[in-house]
Amino acid sequence: MISVLENSPTLHWLGRQLFNREDPAAFFDPLLERINPMWVQQYTPARVTAIYNETADTKTFVLAPARRWQGFEAGQHVNISIDIDGIRRNRTFSLSSSPIRWRSDGTVTLTIKRLPGGLVTNWMHDHLEPDTVIGLGEAFGEFRLPTPPEPALYIAGGSGITPVLSQLETMAASDYLAPVTLLYFVRTQADVIAAEKLQALAGRWSALTLQVVATHETETPQFLSDQHLDEVPGLAARRCYLCGPKRLMDLANDLLYRRGITEDRIHSTFFSVPAANLDTDTLGGAVHFERSNLDVSSEGDAVILEIAEAAKLSPRYGCRMGICHQCSCRKTSGTVINRLTGKASGPGEETIQLCVSVPSGPVSIDI
């Protein structure tokens, strides 16, 4: 019955009109969740099968997604959704396991660090238990393995190691022969995430050179420097992958550019996407949601996704960072500013991302 509902154009139209959603079958989710939470349709359910401590503030969560989940490539992200005090919260995390594991036993891992003041990460660390079912989105992201294989340099910091773990495990399992160097920066040796796994990879995979740098175990902090890059053989021919705190990534980009590594050979993935400096005096305006026949006024740099949610609408979204494009929607008139780039759209009809688009004057949106 549910699959029929999902595939019916008439029901999709009805769902948009009545529920403001493309997936009317998900209207029955509260009932399905009581019968079996793995039958929910609004998202892909994933059951927590195990939880492991990595460091004092980092845990790995093993998830078994429902069979309809489509899988992933090493280095990609997923959105997860969790009910906390009756409110569904969504966050984006990198998958830390190899796709080979998912194809083998149907499980994936998320390795998540507790963030000071972080609502979702703290709740997961304190309350999430095995056998709990959470929501899992489809994988997305362009932080992917070199194709064809070529020498690679990874520069990671702290929990930025998680997508790198996925890629290194995948490379090792496929007998990746090109040289690979990992420079992994942590505050202390006690902060090394997946220490045993990294050592095991380096022990069995001869192409991998592993260097863990504890930045705060000496009198003078040991941050990334030219000396570290001097020790990477054939650096000019390496494809470079960066993941970690913004300060480390900015430093790495600067050092690599100075050595002639071109932008197209440097790949980055972010904890959060940096925003452009916007002139808030020119932002805001009346937003007309056409299909809902609803008018809302906005001020400042609030994005259209937040404006719609404040108006009790439920547009589709994923990462909320401008990465996954799940919130893409048709703007029929007006100008918006991209919060990430600072660039203005044209005044006419075009596709925009709700999560990074800020109104600049009156705007009409097809929601």
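Hi everyone. A word on ground rules: this is a predicted model, where local features need pLDDT of at least 70 and side-chain atom pairs count only at pLDDT 80 or more, while totals for chains, interfaces and linings use all residues. Residues are numbered from 1 along each chain as its sequence is written, and side-chain values use heavy atoms, with hydrogens and water left out.

Let's start with the whole chain. The model has 10 helices and 16 strands; these are DSSP runs numbered from the N terminus, with helices being H or I of at least four residues and strands being E of at least two. Of the 367 residues, 49% are buried. Buried here means under 20% relative accessible area, with exposed over 50% and partly exposed in between, using a 1.4 Å probe and protein chains only. Among contacts between residues at least 6 apart in sequence, 66% join residues at least 24 apart, where contact means heavy atoms within 4.5 Å.

Now find the open sheet of five strands, in the order S9-S8-S7-S10-S11, with parallel pairing. Two strands pair if DSSP finds at least two bridges between them. Which strands stand at the edges? They are S9 (208–214) and S11 (266–269), and each has a single partner strand, so one side of each has no neighbour in the sheet. From one strand to the next, the twist averages 15 degrees. Lying across S8 and S9 is helix H7 (residues 195–204), which runs at about 145 degrees to S9. Such angles run from 0 to 180 degrees between N-to-C directions, with axes fitted to C-alpha atoms, for helices over the stretch in contact.

Next, the largest nonpolar core, which has 25 residues; Tyr154, Ile161, Leu168, Val180, Leu182, Tyr184 and Trp205 touch the most other members. A nonpolar core is a set of buried Ala, Val, Leu, Ile, Met, Phe, Trp, Tyr and Cys residues joined through side-chain atoms within 4.5 Å. S7, helix H6 (161–173), S8 and H7 each give two or more residues to this core, and H6 gives the most, with six. Take Ile161: leaving aside neighbours within four places in sequence, Ile161 is in contact with Ala156, Leu182, Tyr184 and Ile193. Apart from this core lies another, of 23 residues, including Val303 and Leu354.

Let's move on to strand S16 (residues 357–365). How many of its nine residues are buried? Seven are, leaving S16 mostly covered. Four bridges join S16 to strand S12 (residues 284–289), and those two run parallel; there, Val287 stands opposite Val363. With strand S14 (residues 328–338), S16 pairs in the antiparallel sense over six bridges, and Lys331 stands opposite Ile365.

Last, the cysteines. A disulfide is a covalent bond between the sulfur atoms of two cysteines. The cut-off used here is a pair of cysteine sulfur atoms within 2.5 Å, and a search of the whole structure finds zero. Cys355 is buried, at 7% relative accessible area. Cys243 also counts as buried, because its relative accessibility is 3%.
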